[in-house]
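Look over the sequence and the structure, then read the points below.

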Amino acid sequence: MAGSGAPASEGAGAGPLPAPRHVAIIMDGNGRWAKARGLPRAAGHERGVEALRRTVEAAPELGIKYLTVFSFSTENWRRPAAEVSALFGLLKAYVQRDLKRLASEGVRIRVLGRREGLPRDIAALVDKAERETAHNTSFYLNIAFNYGGREEILRAVQKAADAVARGELDPAALDEARFGDFLDTAGIPDPDVLVRTSGEYRLSNFLLWQAAYAELVFMDILWPDFDGEALKRAIAEYHNRERRFGALSSGAA
Ligand code: IPE
Ligand code: IPE
Ligand code: MG
């Protein structure tokens, strides 16, 4: 179930705050990174994959359980065909190269987003990655690929409507938790922190439902430069925030 409420264990004020359970990242700035070096945009995307590897390695060491990364949006189809195909090629190469190791390290991989419209080979690879890691529980890597928050919500509404039409769901019983089960993130807790690199201050259609109470951390670093130290800075920023979930400050009388 996609937990929508506040984690029960947080906010009492005693001791250091625990690591965020779920960190979501909008990996942005590959193009600018390349441009600054006189390189083609694809070179920035390639270096971006290396940053992803570093981040996936660092996250569990920092106590994070779930990492969700935005790697291709439903709007990114508006880019030139050559760039789109370079991005698809990089996803394919990443999964092909890292799947075995991630699987053996106990990482469960899930790919969020619209599966229809993906090239057949990519869809097959994504299915394989999910299948071969489905039993893993030590770390959860969610790759948002061909993902848009609105598109995901619309698909969830369609699934819910289908369930109603089949007589399997009473519309009055559709609460936030039940609705969360129709989303691609079913079973994944909501992100505690949402990081965006490259100095842009927007969500760009990422996790619109799930990020309702995420702490938003915007960083100037360009994604290809991201690493475990940058992730630590993002977590430190999260620790500086006071999460109230609509209630009063813990210090308030
Ligand atoms: C992020 O880098 C990767 C994707 C969106 C696929 P960009 O390609 O958006 O890089 P900038 O924003 O142009 O620098
Ligand atoms: C968001 O970045 C999508 C990904 C990181 C995959 P964009 O670069 O596509 O977002 P905009 O266009 O700046 O909003
Ligand atoms: Mg961008």
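An N or O atom in the side chain of Arg202 lies 2.8 Å from an oxygen atom of ligand 2. The protein covers 78% of the 390 Å² of accessible area that ligand 2 has on its own. The model is predicted. Ligand 2 sits in the largest pocket.

**Polar contacts of ligand 2**

- Asp28 places a polar side-chain atom 3.2 Å from an oxygen atom of ligand 2.
- Arg79 has a polar side-chain atom 3.2 Å from an oxygen atom of ligand 2.

**The shell around ligand 2**

- Residues around ligand 2 include Ile26, Met27, Asp28, Phe70, Ser71 and Phe72.
- Asn76, Arg79, Arg196, Arg202 and Ser204 are also among them.
- By class, this shell has 4 nonpolar, 3 polar and 4 charged residues.
- Strand S2 (residues 66-73) gives the largest share of the shell, 3 residues.

**The largest pocket**

- The largest pocket holds about 600 Å³ of space.
- It is lined by 29 residues, and Met27, Asn30, Phe70, Ser71 and Asn76 are the closest to its centre.
- The lining residues divide into 13 nonpolar, 9 polar and 7 charged.

**Elements that line the pocket**

- Helix H1 (30-36), helix H2 (41-61), S2, helix H3 (81-104) and strand S4 (139-147) each supply at least two residues of the lining.
- H2 gives the most to this lining, with 5 residues.

Terms used
Residues are numbered from 1 along each chain as its sequence is written. Chains are lettered from A and ligands numbered from 1 in the order in which they are written. This is a predicted model: local features need pLDDT of at least 70, side-chain atom pairs count only at pLDDT 80 or more; totals for chains, interfaces and linings use all residues. Side-chain values use heavy atoms; hydrogens and water are left out. A residue is near a molecule or strand if one of its heavy atoms lies within 4 Å of it. A polar contact is a pair of N or O atoms within 3.5 Å; within protein, one must be able to donate a hydrogen and the other to accept it, and residues adjacent in sequence count only if both atoms are side-chain atoms. Accessible areas come from the Shrake-Rupley method with a 1.4 Å probe; for residues, only the protein chains shown count as cover. On a 1 Å grid over the protein atoms alone, a cavity is a set of points where a 1.4 Å probe fits but cannot get out, and a pocket is an open set with protein on both sides within 12 Å along at least five of seven lines; lining residues have an atom within 4 Å of a point. A molecule sits in a cavity or pocket if more than half of its atoms lie within 2 Å of its grid points. Helices (H or I, at least four residues) and strands (E, at least two) are DSSP runs, numbered from the N terminus. Ala, Val, Leu, Ile, Met, Phe, Trp, Tyr, Cys and Pro count as nonpolar, Asp, Glu, Lys and Arg as charged, and the others, Gly among them, as polar. Grid points are joined across faces, edges and corners, and a volume is the space filled by probe spheres set on the points.
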